[in-house]
Amino acid sequence: MTAQPDTPLQISVREMGVRARAAGRALRALPTARKVAALQAIAAELRAGSGAILAANDADVQAAAHAGLPPHMIARLSLDAASLETIAADVEAVSRLPDPVGETTAPQTQPSGIRVSQRRVPLGVLGVIYESRPNVTVDVAALALMSGNAVILRGGRETVHSNAALEAAIRTALEAQHLPGDAVQVIRDPDRDRMRELLRLDDLVDAIIPRGGAGLHRYCVENATVPVIVGGIGVVHIYLDASFIRDPADVRRAAEIVVNAKVQKPSACNALDTLLIDRQALAALTDIARALLEHGVEVRADAEAWGTLQDAGIVVTPAAETDYGTEFLALTASLKIVSGLEEALDFIAAHGNHTDVILTRDPDQAERFIQDVDSAAVIVNASPRFNDGGQLGLGAEVAISTQKLHARGPMGLRELTTTKWVVVGEGQTRG
């Protein structure tokens, strides 16, 4: 790998912004073929430099273990040859996605004779702040480059060596393709002041995208002068409608969906938090609770569900009011009995905004749920874990936005672009 002339520890965050802005200009009108070649070169360099990358990651893992980080955090931090190959393959997958940059609407001729259209263009310079996972460094870099954006990345202090090695590999690949290495820069100084400087770089950075817990998002919103795209936090619900349960096979299917929603990746933002069960579907309660308990889930049930489960010899935890509206990010789920769709909709309106699911055989109930629930993703008869860029056909995602301006839901290539008006005339002046 080629060495950088100076590292982000030796230059200020403002200087990184200046360099990113210049790199972004070079990327703005880059042909798709050049971007594809750059991503393919990055994938190749990740494979070629795997030894250095894995050695750097091992240093982070050892430091994390010495610092007493919990095992699940260390697992998210750790790389091996197989996971690094997956990261490289994901970069290649992004290179095969349709390029949204340059898409232009059909020109419309106005009464004045001017021809008006809109063209899709990169946002410019992104600042992405995240925690733990070094794969995010590469995922975000690939999406930023393919959408014509430069990016400044600020990972957690536990990934400082891994991110430095990944940045070096990306820079080497870009420069080999005669593209600016400053298109992808990592803030290596873990001091929180460097993050605050990035949040206030509004003359050079066009958008901040945080990936992490509610505390990180709140900190970014409260301290940024750069627009912040908030996402990845919010409560996930499943509502089990009585029409879904017709026979024991349907009960098993409902339990499979609920278990997948909670257990497949409990730390993910699209994992189940609260299960709402129609009182007319109580026949499914015991089987679903048993299935969750068998997978190590702590079930916190309202009084009605708790009593029903106690009578069946199933021990769960009585729910407190604070267990509703809580994003657990762990093997914990709350459970509540409701009197039908209307009560479920009212409950979700008070507590949801991320991903909400209905399990139903009634198309009218499904459509009412879709229309009424105001969340980033509404899902019918499937796990909320499908609210993911890769699963929705975006190839990858920078984050899942739960706000309503510009982007909502998984943010892929198109969500990292904006539009500008293009007006073509023949000497017209406005009267």
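In this predicted model, the buried residues of helix α2 are Lys35, Val36, Ala38, Leu39, Ala41, Ile42, Ala43, Glu45 and Leu46. The cover over these buried residues includes helices α3 (50-66), α5 (81-95), α6 (135-146) and α7.

**Helix α2**

**The four-stranded sheet**
- Four strands form an open sheet in the order β5-β4-β3-β6, and their pairing is parallel.
- The edges of this sheet are β5 (184-186) and β6 (207-211), each of which pairs on one side only, while neighbouring strands are turned by 20° against each other on average, direction ignored.
- Strand β4, residues 150-154, pairs with β5 in the parallel sense over three bridges, and Val151 has Val184 in β5 as its bridge partner.
- Helix α7, residues 160-176, packs on the sheet, where it touches β3 (125-130) and β5, and its direction makes about 160° with that of β5.

**Aromatic rings and charges**
- The structure holds one aromatic pair, formed by Tyr324 and Phe347, whose ring centres are 5.6 Å apart and whose planes stand at 85°, so the pair is edge-to-face.
- Tyr324 lies in the loop between β10 (317-318) and β11 (332-338), whereas Phe347 belongs to helix α13 (residues 341-351), so the pair ties together parts that are 23 residues apart in sequence.
- Tyr324 and Phe347 are both buried, and the charged end of Lys336 sits over the ring of Tyr324, 5.6 Å from its centre.
- Elsewhere, Arg192 lies over the face of Tyr219, at 4.0 Å from the ring centre.

Methods
Residues numbered from 1 in each chain as written. Predicted model: local features only at pLDDT ≥ 70, side-chain atom pairs only at ≥ 80, totals over all residues. Heavy atoms only, no water. Pairing = 2+ DSSP bridges. Helix = DSSP H or I, 4+ residues; strand = E, 2+ residues; numbered from the N terminus. Axes fitted to C-alpha atoms, helices over the stretch in contact; angles between N-to-C directions. Contact = heavy atoms within 4.5 Å. Buried < 20%, exposed > 50% of the residue type's maximum accessible area, 1.4 Å probe, protein only. Phe/Tyr/Trp six-rings, centres within 6.5 Å; stacked < 30°, edge-to-face > 60°. Lys NZ or Arg CZ within 6 Å of the ring centre and 35° of its normal.
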